[in-house]
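Please read it beside the model.

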Amino acid sequence: MTEIVLETVEDVAPREALLDLCLGAERFTKSSERLREGRLPARDLAFVARGLDGRLAGTVRLWNVTAGPGKPALLLGPLAVHPWFQAHGLGAGLMRTALDAARAQGHGAVILVGDAAYYERFGFSAHKTGALWMPGPYARHRLLAVELEAGALDGAHGLISPTGARVTQPSLAELLAVEMRKSA
């Protein structure tokens, strides 16, 4: 049995290791990564699944984006499940948890780049993504969306762009000041 909970700061390193295992270094070359880099996931929309021993078994995050001008949306991904836990419905559980939480927060739509055969059971399709594009190369037929609120993507067109909060990075001066205090 697994438990799906909100991600904590302690989950970040194990999450990265899980993504490395499941997706490899190729994950950093994806167009979706251009929308995530330097940004924080959407508030209270990053989830992990834990096995009975408490170790990370799966992960999914949602990110604030705009689906062209004036069309707020969320970007889903990456979704990953440890190989030991695959084929037992954990990925579907993570998807349902993320989509239900996004709907409860009042978000109107979720976009992803993925396999339509897998994601259509959650309502995803390419029906409303034809006039949208991603930064960088991607397979157009894999750009999918689901409306959590009817009409949320009506008229959506243009570049999908990040809108989420930026990761704060300390300046070099701040880092040096901390090191100076440590050595004093």
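The largest pocket is lined by 33 residues, and L23, L79, V113, Y119 and R142 lie nearest its centre. A pocket here is an open set of points on a 1 Å grid over the protein atoms alone, where a 1.4 Å probe fits, with protein on both sides within 12 Å along at least five of seven lines; lining residues have an atom within 4 Å of a point. The model is predicted: local features need pLDDT of at least 70 and side-chain atom pairs count only at pLDDT 80 or more, while totals for chains, interfaces and linings use all residues. Residues are numbered from 1 along each chain as its sequence is written, and side-chain values use heavy atoms, with hydrogens and water left out.

**Pockets**

- The volume of the largest pocket is about 770 Å³, a volume being the space filled by probe spheres set on grid points that are joined across faces, edges and corners.
- At least two lining residues of the largest pocket come from each of α2 (31-36), β5 (80-81), α3 (90-104), β6 (109-113) and α4 (116-119); helices (H or I, at least four residues) and strands (E, at least two) are DSSP runs numbered from the N terminus.
- The lining of the largest pocket comprises 18 nonpolar, eight polar and seven charged residues, where Ala, Val, Leu, Ile, Met, Phe, Trp, Tyr, Cys and Pro count as nonpolar, Asp, Glu, Lys and Arg as charged, and the others, Gly among them, as polar.
- The second largest pocket has a volume of about 350 Å³, and of its 21 lining residues R15, E16, R39, R61 and W63 are the closest to its centre.
- Two or more residues of the lining of the second largest pocket are given by each of α1 (12-23), α2 and β3 (56-67), with the largest share, four residues, from α1.
- By class, the lining of the second largest pocket divides into ten nonpolar, two polar and nine charged residues.

**Aromatic contacts**

- There are three aromatic pairs, counted where ring centres of Phe, Tyr or Trp (its six-membered ring) lie within 6.5 Å; planes under 30 degrees apart are stacked, over 60 edge-to-face and the rest tilted.
- Y118 and Y119 pair edge-to-face, at 4.8 Å centre to centre and 85 degrees between the planes.
- Y118 and F122 form a tilted pair, with 5.8 Å between centres and 55 degrees between planes.
- Ring pairs join Y118, Y119, F122 and F124 in a cluster.
- The charged end of R121 sits over the ring of Y118, 4.2 Å from the ring centre; this requires NZ of Lys or CZ of Arg within 6 Å of the centre and within 35 degrees of the ring normal.
- F122 is buried, at 12% relative accessible area, whereas Y118 is partly exposed at 25% (buried is under 20%, exposed over 50%, partly exposed in between, with a 1.4 Å probe and protein chains only).

**Overall fold**

- The chain has five helices and nine strands.
- Of its 184 residues, 41% count as buried.
- The C-alpha atoms fill a box of roughly 60 × 40 × 30 Å along the principal axes.

**Backbone geometry**

- Most residues other than glycine have a negative phi, and most peptide bonds are trans.
- A cis peptide bond joins G77 and P78, with omega about -15 degrees; P78 lies in the loop between β4 (72-76) and β5.
- D44, in the loop between α2 and β2 (46-50), has a positive phi near 60 degrees and is partly exposed at 44% relative accessibility.
- A87, in the loop between β5 and α3, has a positive phi of about 70 degrees and is exposed, with a relative accessible area of 83%.
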